[in-house]
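Dear colleague,

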Amino acid sequence: MALKRYVVGCFDDEAVLFPAVKKVRNAGYKIQDVYTPFPVHGLDHALGMRETSLHTAGFIYGITGTITAVSCMGWVFTKDWPMNIGGKPNFALPAFIPIIFELTVLFAAVGMVMTFCYLCQLAPFVKHHHFHPRATDDLFVMVIECTDRTNVEDLKGFLQSSGAVEVNYQVAESGWWFGRYDKEQKLYAEENAAIG
Amino acid sequence: MASIREQFEVPGSMRTWSMGLIGVGILAFIIGFITKGLSSDPHEQAIFWGTLMYNSVFFLLICNASMFFICVTTLAHGGWQVVFKRVPEAISAVVPIFGLITMFILFYVLFGLNHDGHNAIYHWVNPGNDEILIKKKGFLNPAFFVIWTLLSIGLWSYLGMRMRKLSYESDRAEMNLEEGKSWVWKNTVSGSMFLVWFGLTVGSTTPWLWLMSIDSHWYSTMYSWYTFASSFVSGMALIAIWIIYLKNRGYLEYTTDEHLHDVGKFMFAFSIFWTYLWFSQYMLIWYSNQPEETVYFQPRTNNGVWKGIFYMNLVINFVCPLLILMTKGSKRNYTIMTFMAVLIVFGHWMDFNQMVMASVSRDHVTLSWFDFGIMALFVGMIILLVGKNLAKYPMLQKNHPFLKESIIHHT
């Protein structure tokens, strides 16, 4: 992975954030992402993000589960080991339906969680750079990636004028790495305790 | 708020359509009455009254489902439905009228169809020396039937009226915080009273009494929930049809795709809930395969003549909503939503047809012009009466404390 340059603007109000996102995008800057402590309705739309295709993946996983259940039970009870259970036909569809349903849900749920983790690059011990510790607490953190032509000071001023309460410049790892935060990164509380 | 159209005016086309449908319905009723109702054959009479019965019960229950929707959202402290709350209110105001019609038909079936000590629809009226029916006499007897029917319909009408009255009262003046709180509390109390009664009737006893008792030896505890699911999903579909109609006419300015999306979610979710109950009822009986239980499914499955309608229901009421209403886009598309809402109402109407008529007439399918004629009669009455009710009051409940929450609703 590579080191990249970022300008980070922090907002403490949703009502300021939305116009700021609009202004920054109109000015031609590329917003990498906005990290928020809670899901903000409509922010994905404001950022111009593509609709996620996670549900399409979920549908495919579900269908896979259905087919697995039908074909497995169908094969076992008609070809592999046919049994007479209460005089019912070997391919006893109503009795299969609960299991078909369970496997559909299981495949869809587990598959979607795994896909979600893959898309977000989440896994045990996989770490990413955190742009601001308070992004999980009470700040909306807007991250803009700098290009060769970006004037960092201009951009910082621009963000400040859009209502950012805190603006800084960071050079950070853009990808993920294996590691542990408690050894590599100081916690926000510790950082502040040192200052205080 | 100045620019919205507050008052609904019944357009001429609506009046023409409703009158036309009612005319067709009355014509069908008269011809049906002459050819079937006056017939000396008790079976023909049973078909005539059975058809009237399932139609009236179905349309009564789907209108009553609107009040259930209002009460449930009120008790959940939901705010999103406020912008179109006058639509389910107007639909539920039809309940007293449909209730009277239903009551008349049910009582006629109970008392008027007894020939030589045998009731053509409700066999339990004359138990004779049938041991099973004698055991059930505590629940299945004319006195209890009459009292419970009067109470059911009477209290649905009365408690529903209380809820609507509270809503119309709020239009008079703006409420401050304290007044708003007490108004919401009053709504909560009225709503919970309705829901308790709804649970005791539609949720449990009334469908057993009205519909399940046609197969008087058979019983299924699932039956009432199944009926409720049917009526609630079609009730939501009916609300959706009205919302889309009013939107297309330029009313309900604050009702957006977001609200329609949520109504669509109800239609989708309760279609699946209905299927869950359908399956639970079917599978247990199929699995244990006991003669006294399978008697209900005999005319409906395997070699029964009602097989086609029975399985078609599953396609219309489960497969279609599941596949078509699954995506976000389809729940926000007026054309797809209208199509699906009409399909769902029609599908559950067919379901009621099969629930009642396959028991009344086990050997041949009775679906004919007469069924559609009576359906036209009720549809016409819904269009006429709901339109009138809508025109009586402002379209927006402008002083509801949750109005803003509803306007900015986002799914």
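Predicted model: local features only at pLDDT ≥ 70, side-chain atom pairs only at ≥ 80, totals over all residues.

Chain A is divided into two parts, with domain 1 taking in residues 3-51 together with 123-195, and domain 2 covering residues 54-119. Taken over C-alpha atoms, the centres of domain 1 and domain 2 of chain A are separated by 43 Å.

In chain A there is an open sheet of 4 strands, which follow one another in the order β2-β4-β1-β5 with antiparallel pairing. Its edges are formed by β2 (31-35) and β5 (166-173) of chain A, each of which pairs on one side only. On average, and with direction ignored, neighbouring strands of this sheet are turned by 25° against each other.

Strand β4 (residues 140-145) of chain A pairs with strand β1 (residues 3-11) of chain A in the antiparallel sense, over 6 bridges. Within that pairing, A:I144 in β4(A) is the bridge partner of A:V7, and A:M142 in β4(A) is the bridge partner of A:G9. Towards β2(A), β4(A) is joined by 4 bridges, and these two strands also run antiparallel; here A:V141 in β4(A) stands opposite A:Y35. Because 5 of its 6 residues are buried, β4(A) is largely enclosed by the rest of the structure. Helix α1 (residues 14-26) of chain A lies across β1, β2 and β4 of chain A, and it runs at about 175° to β2(A).

Turning to chain B, the axes of helix α7 (residues 177-210) and helix α8 (residues 223-248) come within 7 Å and cross at roughly 110°, which means that α7(B) is roughly perpendicular to α8(B). By class, the contact of α7(B) with α8(B) has 6 nonpolar and 5 polar residues, and no charged residues. On the α7(B) side the residues that meet the other helix are B:V202, B:G203, B:S204, B:P207 and B:W208, while α8(B) contributes B:Y223, B:S224, B:W225, B:T227, B:F228 and B:S231.

As for the two chains together, 7 residues of chain B are in contact with 6 residues of chain A. The side of chain B that touches chain A has 5 nonpolar and 2 polar residues, with no charged residues.

With best regards

Technical notes:
Residues numbered from 1 in each chain as written. Chains lettered and ligands numbered in written order. Domains from an automatic or database assignment. Nonpolar A, V, L, I, M, F, W, Y, C, P; charged D, E, K, R; others polar. Axes fitted to C-alpha atoms, helices over the stretch in contact; angles between N-to-C directions. Parallel < 35°, antiparallel > 145°, perpendicular 65-115°, else oblique. Pairing = 2+ DSSP bridges. Buried ≥ 20, exposed ≤ 12 C-beta atoms within 10 Å, placed from the backbone.
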